[in-house]
Structure formats: C-alpha cells, structure tokens
Amino acid sequence: PFELDLVRYTVNPTWEKGLIGNAKEFYRMFTCCRPEIIAAVSDPTTKQAIDLLNQVDLRDQVGSYRVIVSFETPLLEDFSLCILQRNNCFNCDAKIVEEPRVPPLAEWPKGRKLDAEASRRILMGHFKGHFKGHFKGHF
C-alpha cells in the first residue's frame with residue numbers, strides 16, 4: 001500500500017495511525033513532557049498559541065510561523081522542545097536528501113557574478129517592492 005509520510009509523522013491524531021498509534025503518542029507525550037504540557041496549557045498566551053497552531057493547515061509554514069512569532073513564550077518553547085526534539089514523541093524520521101547534488105550558482109548564465117548585490121535584488125524581488133529601500137545597506 002501507498003504510505004504518505006505526512007500522515008505517518010503528523011502531530012495530529014489520524015485514522016491512518018490507528019487507535020493504538022495515537023494512544024502511544026499521547027502516552028509518550030504525557031509521560032515524557034507532563035510538566036511542560038501542564039505549564040503550557042495553563043498559561044493563556046501559550047494555550048492560545050497551541051490552539052491556533054492546531055487550526056493552521058500542516059502545509060502552511062507561513063501561517064505556523066506567524067502564530068509562533070506572535071505568541072512566542074518560554075513555555076511554548078519548552079513544550080515544543082520537549083515533545084518534538086528531546087523526546088521525538090511523533091517518531092519523526094526525516095532523511096536528509098543526498099541526491100541529486102546540485103552546486104549553488106556562482107554566476108548567471110550570461111557570465112555575470114552572483115554576488116551580494118545580486119542576492120539582495122533577488123530577495124527584494126520576492127517582496128515585489130513592498131519594502132522599497134527599507135533593507136538598503138543591510139544586505
């Protein structure tokens with residue numbers, strides 16, 4: 001059968017993980033991170049951050065980032081580090097892609113150097129002029 005890693009490693013309970021798989025994750029979270037979980041859900045700001053993160057689509061990295069930076073607290077950091085990194089409660093196992101090895105560009109196809117100024121212009125192009133002149137001298 002086709003296995004989708006997003007479903008297998010999601011932080012949300014899913015049918016694909018099954019009752020036992022979901023129960024094992026909750027058990028591991030609570031046995032490994034009980035103090036961090038209780039502290040996080042007891043603090044109104046951190047609880048709001050967790051609730052909002054649960055509402056954001058898993059594929060929406062920008063939405064998740066906005067929630068995290070808007071509601072960043074030491075309790076949210078402790079909660080996240082305990083569950084996601086120190087104890088890997090969801091058994092995430094992302095492999096670093098080794099192939100293909102693509103060297104970074106050193107110059108444009110027409111031979112012009114890809115230097116700091118060119119990099120700044122690429123970055124500014126992504127902002128489509130919204131911050132015209134705002135980053136001048138920073139890159």
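Analyst: Let's start with Glu117, which forms a salt bridge with Arg120, the closest N and O atoms being 3.3 Å apart. The term salt bridge here stands for a side-chain nitrogen of Lys or Arg within 4 Å of a carboxyl oxygen of Asp or Glu. Both Glu117 and Arg120 belong to helix α6 (residues 116-127), where they sit 3 residues apart, about one turn of the helix. Helices (H or I, at least four residues) and strands (E, at least two) are DSSP runs, numbered from the N terminus. The two partners have these accessibilities: Glu117 is partly exposed because its relative accessibility is 39%, while Arg120 counts as buried because its value is 16%. The cut-offs are under 20% relative accessible area for buried, over 50% for exposed, and in between for partly exposed (1.4 Å probe, protein chains only).

A word on the source: this is a predicted model, in which local features need pLDDT of at least 70, side-chain atom pairs count only at pLDDT 80 or more, and totals for chains, interfaces and linings use all residues. Residues are numbered from 1 along each chain as its sequence is written, and side-chain values use heavy atoms, with hydrogens and water left out.

Another salt bridge brings together the side chains of Glu98 and Arg101, with 3.3 Å from N to O. Here Glu98 is partly exposed at 46% relative accessibility, whereas Arg101 is exposed, with a relative accessible area of 67%.

Now let's step back to the whole chain. It has 6 helices and 0 strands, and from the N terminus on its elements run α-α-α-α-α-α. Of the 139 residues in the chain, 22% are buried.

How do two of these helices pack? Two packed helices are described by the angle between their axes and the distance between the axes. Helix α2 (residues 18-42) and helix α5 (residues 74-86) pack at an angle of about 165°, with their axes 8 Å apart. That makes α2 roughly antiparallel to α5, a label for angles over 145 degrees. The axes are lines fitted to C-alpha atoms, for helices over the stretch in contact, and the angles run from 0 to 180 degrees between N-to-C directions. Helix α5 also contains Asp78, which is partly exposed, with a relative accessible area of 38%. Asp78 and Pro35 are 43 residues apart along the chain, and their C-alpha atoms are separated by 9.7 Å.

Finally, on the surface, Tyr65, Ile68 and Val69 form a nonpolar patch with about 280 Å² of accessible area together. Patches are made of residues with over 30% relative accessible area and no salt bridge, with like charges joined within 9 Å and nonpolar side chains (Val, Leu, Ile, Met, Phe, Trp, Tyr) within 5 Å. Val69 is found in helix α4 (residues 61-70) and is partly exposed at 40% relative accessibility. Accessible areas come from the Shrake-Rupley method with a 1.4 Å probe, and for residues only the protein chains shown count as cover.

Conventions:
Parallel < 35°, antiparallel > 145°, perpendicular 65-115°, else oblique.
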